[in-house]
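Please open the structure in your viewer and keep the sequence panel beside it. The stops below are meant to be taken in order, one selection at a time.

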Amino acid sequence: MTDMTSSELYIADPKMTAQNVNVFYGEKQAIKNVSIDVSTDLVTAFIGPSGCGKSTFLRTLNRMNDTVAGARVEGKIMLEGEDIYAPSMDVVQLRARVGMVFQKPNPFPKSIYDNVAYGPRIHGLAPSKADMDVVVEKALTRAGLWDEVKDRLGESGTALSGGQQQRLCIARAIAVDPEVILMDEPCSALDPIATAKIEELIHDLRGKFAIVIVTHNMQQAARVSQRTAFFHLGTLVEYGKTTDIFTNPKQERTKDYITGRYG
Amino acid sequence: MTFNAAALLLLVAGLALIGWLAGRARSVLLAHRAGNKLHSRPQYHGWYVALWLFAPAILFLTIWSAVSPALVTNTVLDSPAAQNLPQFGFERAAILADARAVAQGKQDIVRLEKSAPLVRPYVQATRQYALIGISAMFALALAGGLYAFTRIRPEFRARSRVEKIVMVALILASLVAILTTFGIVLSLLFESIRFFKLVSPSELLFGTQWNPQSGAPVKDTFGGIPLFWGTVLIGAIIAMIVAIPIGMMTAVYLTQYAKPVVRKWVKPLLEILAGVPTVVYGYFAALTVAPMLREFAVMIGISNASTESALAAGIVMGVMIIPFVSSMADDSINAVPQSMRDGSLALGATPNETIRQVLIPAALPGVMGGILLAVSRAIGETMIVVMAAGLSANLTANPFSSVTTVTAQIVKLLTGDQEFDSAKTLAAFALGLVLFTVTLLLNIVALRIVKKYREAYD
Ligand SMILES: Nc1ncnc2c1ncn2[C@@H]1O[C@H](COP(=O)(O)OP(=O)(O)OP(=O)(O)O)[C@@H](O)[C@H]1O
Ligand SMILES: [Mg+2]
């Protein structure tokens, strides 16, 4: 199905490409033969009913599935032409290049400053304190949190509101200057105002990072993304321009899902 | 006829069984006759009768068996045969005991000449009181059973009654532990007060000379500081230097690296280690570790090293505490949400960095609580220090020398020939009180920390 539309969806310089990816949890296959491209200039949204494998596929893109016992990935996933599952690939560096934001905000029980500085410190990105200050301020500014926290950088990250915590987690991911940011339902624990802030943020970050977002909220997918992939039962049913998917889906199953017939 | 408690118990239990059957049958019969439904199922009526039959009778039996020996003795003393007994003291008690033993059939013949005439009155009195007791008990059982039996009606709420009785029984059972603790504390307190009338509290708490003598208290011999220091050196310093790193590393390995199979085997093994009797650790400390350490000390040029050393006791105690620390640390690390770990890994941190920089700091409050609990256990530990640390009250920081602890001294003060009102003996209670207070405080603080920490992640 992706083949049919690939000409009009052609991405000249994809950041990541997945080809014929299968994912297994033990005996059970959670992802079946999925191929997709991710670009820096476009936000990609993954939608689909619960349990269809969105998170699973997202987690293969930065090899977070490695931490799950019994999980196995087949197929090829390339980051700038490099196979991320090749033995020569360093997972640590891969994850520095492909960051992740989780469904539930998960700041470390450290100060706001240290939360953001955690990644750069590990990767040795800011040798001096002054450099680190710059990195932290830049990341918090980009995440739209700087003005709210600049006077209390020493306070614990866990003391922030849910929406602020999630933006802190985005700042934390941005701070290591990744190429791709994966977001797994980043707004599902947030109220509408906080959600709007995150959506605005995704908008601002587009073009600087390749962004992939999993969401259950159709309006959100329509608002923030330019490409949408619809998953069902582990397969990629339809992938296309967000406007096409929502106004003129080619597959019956996509249409049923979009119109709320199931899911 | 003697007062055979076991047989009586069986007998009453048999009666209760009959009561149970009768109660059940009656409830069914009444319901049938009146044609309406029972409020409670028949067996509850049975239980109701059985409990009323059993409980008062057993309660009485317990009390009676506690007071009847005194009643018997009084009766014997009132008898004419007892008129020419020596008035007081040891001899009189011996004669009475001798006569009682013969009367109860525990001895064939009297050993003391003067007790012979007392045997008959003893036998009589014993029989008399046993008869009274047994009759009263059966009367009570029957009265209770009849009372309950007559209350059975179809609409009678036997189930709620039985449940209430069961609840009361459960409350009483839990009160036993609480009241016992309370009693222990009170006795500690009273004996300590007696001690502090002889020796001032400030001397015990701040004095530096520990050399208690029998007889009247001598000044400057009840200074507890050397004991407190020894306790701290062994239990809180040396043992923790051993237990904290090893316990933490074990916990980190088990929670983060070990395969489920390894975890499945190692955790129970550690728990077994925690169940080894401390006296076994004591042997190990005294017979293996202490001589080894002494040789080592001599080798590195410490000539006055003793075979009993703080180090030997502390190290072995640390080993004993390892399972405790590791299981607390294990729990705390497991309580840190998986999302925290994922967050760190997703930033490109290695598992090692994740553990050191995220998991352990996040688990630290819980681990601290666990360590405090471990300290409180270590300072109350007795067997190892008695066997390996020695009894000489040295105030020294040299881990190769012999030191003593509060618990070891309590044992020393209370063993051997004692008069139970000398300052020397009473000092054991005062030391016990100090130890109790310190452990109690440690436990309270530790449990609060752990609780707060748990709340933080719920
Ligand atoms: N750790 C795991 N072990 C075994 N099976 C798993 C594991 N994680 C997910 N699965 C299975 O893989 C399938 C896909 O799960 P996944 O979490 O990717 O779905 P999802 O699309 O993200 O759902 P949701 O919208 O509810 O988050 C499900 O059937 C799930 O049961
Ligand atoms: Mg998911």
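Which residues of chain B do ring pairs link into a cluster? Select Phe195(B), Phe196(B), Trp210(B) and Phe222(B), and you will have the cluster that ring pairs link together. Bear in mind throughout that this is a predicted model.

**Aromatic pairs in chain B**

A search of the whole structure finds 14 aromatic pairs over all chains. For one of these, select Phe60(B) and Trp64(B), whose ring centres are 5.7 Å apart and whose planes meet at 20 degrees, so the pair counts as stacked, planes under 30 degrees apart being the requirement. Both residues belong to helix α2 of chain B, which covers residues 42-78, and since they are four residues apart in that helix, about one helical turn separates them.

Phe296(B) is in helix α9 (residues 278-299) of chain B, while Phe400(B) is in the loop between α13 (383-388) and α14 (406-414) of that chain, so the pair ties together parts that are 104 residues apart in sequence. Are the two partners buried or partly exposed? Phe296(B) is partly exposed, with a relative accessible area of 40%, whereas Phe400(B) is buried, at 11%.

**Charges over rings**

Stay with chain B for a moment and select Arg26(B) and Phe149(B), where the charged end of the arginine sits over the ring of the phenylalanine, 4.8 Å from the ring centre. Then move to chain A and select Arg72(A) with Phe24(A), where the charged end of Arg72(A) likewise sits over the ring, 4.4 Å from its centre.

Now select ligand 1 and display the 13 residues around it, of which Ser50(A), Lys54(A), Ser55(A), Thr56(A) and His216(A) come nearest. By class, this shell is made up of four nonpolar, six polar and three charged residues.

Which polar contacts can be picked out here? Among them, a nitrogen atom of ligand 1 is 3.4 Å from an N or O atom in the side chain of Tyr25(A), and an oxygen atom of the ligand is 2.8 Å from a polar backbone atom of Gly51(A). An oxygen atom of ligand 1 is also 3.3 Å from an N or O atom in the side chain of Glu185(A). Taken alone, ligand 1 exposes 630 Å², and the protein buries 63% of that area.

If you colour chain A by secondary structure, look for β2 (28-38) and α2 (54-60), the elements that give two or more residues to the shell around ligand 1. The largest share, three residues, comes from α2(A).

For the last stop, select Asn20(A), which lies in strand β1 (residues 16-25) of chain A. Its phi is near 50 degrees, a positive value in a residue other than glycine, and at 42% relative accessibility Asn20(A) counts as partly exposed. Finish at Asn33(A), in strand β2 of chain A, where phi is again positive, about 50 degrees, although the residue is not a glycine. At 48% relative accessibility, Asn33(A) counts as partly exposed.

Technical notes. Residues numbered from 1 in each chain as written. Chains lettered and ligands numbered in written order. Predicted model: local features only at pLDDT ≥ 70, side-chain atom pairs only at ≥ 80, totals over all residues. Heavy atoms only, no water. Phe/Tyr/Trp six-rings, centres within 6.5 Å; stacked < 30°, edge-to-face > 60°. Buried < 20%, exposed > 50% of the residue type's maximum accessible area, 1.4 Å probe, protein only. Lys NZ or Arg CZ within 6 Å of the ring centre and 35° of its normal. Near = heavy atom within 4 Å. Polar contact = N/O pair within 3.5 Å; in protein donor to acceptor, adjacent residues only side chain to side chain. Areas by Shrake-Rupley, 256 points an atom, 1.4 Å probe, with all protein chains shown as cover. Nonpolar A, V, L, I, M, F, W, Y, C, P; charged D, E, K, R; others polar.
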